[in-house]
Amino acid sequence: MSHPIIFDTDPGVDDAQAIAIALRHPDIELLGLTTTYGNVDIETATHNALLLSELAGRDIPVAQGAAGPMVKPRHPAPAHIHGANGLGNIELPEVKGKKDPRSAAQFIVDTVNARPGEVILVAVGPVGNLAAALQLDPGLTEKVKRVVIMGGSIREGGNVTPVAEANMFNDPHAAQRVLTAGWPLTLVGLDVTHRCVLSQAHMQRIEAGQGELGKVLAGSYAFYRDFYREFLGIDGCCPHDSCALAWLLRPELFTTAPGHLSVVTDGIAEGQTLFAPEGRGFIQERWSQTPLAEVCLEVDGEAVVEWIADTLS
């Protein structure tokens with residue numbers, strides 16, 4: 001079964017790995033890449049999205065989007081994690097293609113309206129483009145097939161604050177809007193992505209199978225791996241963004257639960273994802289008043305990274 005997707009991204013080392021999957025997998029119809037700030041500034045994100053598709057020999061529309069958060073000040077890009085160029089500071093070839101003239105939000109609206117009931121939005125960075133698309137066309141909630149968000153954390157704790165995952169923290173107001181919009185939504189957060197470790201052996205297989213793109217994936221992986229060795233004490237990296245595509249194509253590898261999501265927008269816990277399981281009573285009802293969504297809580301991490309390596313090799 002073909003999955004027509006728009007991939008909303010801030011590439012980013014793990015974004016690059018996921019984009020490679022979206023470009024390669026026979027069951028994915030990649031309708032376009034929409035870019036956001038996050039791991040890098042917006043111009044770098046758009047450059048990298050164009051470059052990665054060109055290295056794969058594909059001509060994919062790339063529409064540039066949010067350059068900063070909806071409300072809060074923008075934090076500097078994490079160059080110590082992804083490199084100043086988003087791809088581990090390796091030398092990169094020139095880009096030949098040009099971005100789509102539309103904004104990312106307009107591209108999303110146009111594409112979904114052209115194929116109502118078919119398009120899946122997969123967002124793996126701060127979700128300002130999805131929030132902006134909802135502002136342009138609130139009816140999108142009835143027209144998309146599904147929204148898959150890589151972000152948030154239910155039980156795992158945070159990776160940029162004690163309680164907040166990076167994408168939620170970078171734009172909590174957009175996250176609150178998107179996670180409570182009432183469209184069919186699955187959240188793939190740190191609870192599962194931290195259980196998946198892409199090893200050097202996996203990356204060697206990927207490099208061998210991906211040609212010119214493989215060189216970029218392997219070179220950027222080396223930089224990312226050094227960060228994870230220091231940050232989590234693991235020998236490899238967590239392929240966060242690829243896990244969103246793994247859920248879409250191999251949902252049997254994940255354990256999910258329905259419930260109500262919200263995001264803290266201000267204060268010391270800004271960016272924290274709150275999850276109230278469906279049917280569970282709390283001291284007040286306010287945590288259970290948002291629309292139901294699906295949250296990933298457990299995963300067969302070894303099977304996911306084998307699927308990633310198999311797809312890309």
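Trainee: Why is Asn-167 called buried?

Mentor: Asn-167 has 6% relative accessibility, and buried means under 20% relative accessible area, exposed over 50% and partly exposed in between, with a 1.4 Å probe and protein chains only, so Asn-167 counts as buried. This is a predicted model, in which local features need pLDDT of at least 70 and side-chain atom pairs count only at pLDDT 80 or more, while totals for chains, interfaces and linings use all residues. Residues are numbered from 1 along each chain as its sequence is written, and side-chain values use heavy atoms, with hydrogens and water left out.

Trainee: What does the side chain of Asn-167 reach?

Mentor: The side chain of Asn-167 reaches the backbone oxygen of Val-124 at 3.1 Å and that of Met-150 at 2.9 Å.

Trainee: Why does Ile-283 count as exposed?

Mentor: Ile-283 has 81% relative accessibility, which is why Ile-283 counts as exposed.

Trainee: And why is Asp-310 called partly exposed?

Mentor: Asp-310 has 48% relative accessibility and therefore counts as partly exposed.

Trainee: What joins the side chains of Asp-310 and Arg-205?

Mentor: The side chains of Asp-310 and Arg-205 are joined by a polar contact of 2.4 Å, where a polar contact is a pair of N or O atoms within 3.5 Å; within protein, one must be able to donate a hydrogen and the other to accept it, and residues adjacent in sequence count only if both atoms are side-chain atoms.

Trainee: How far apart are Asp-310 and Ile-206 in sequence and in space?

Mentor: Asp-310 and Ile-206 are 104 residues apart in sequence, and their C-alpha atoms are 8.0 Å apart in space.
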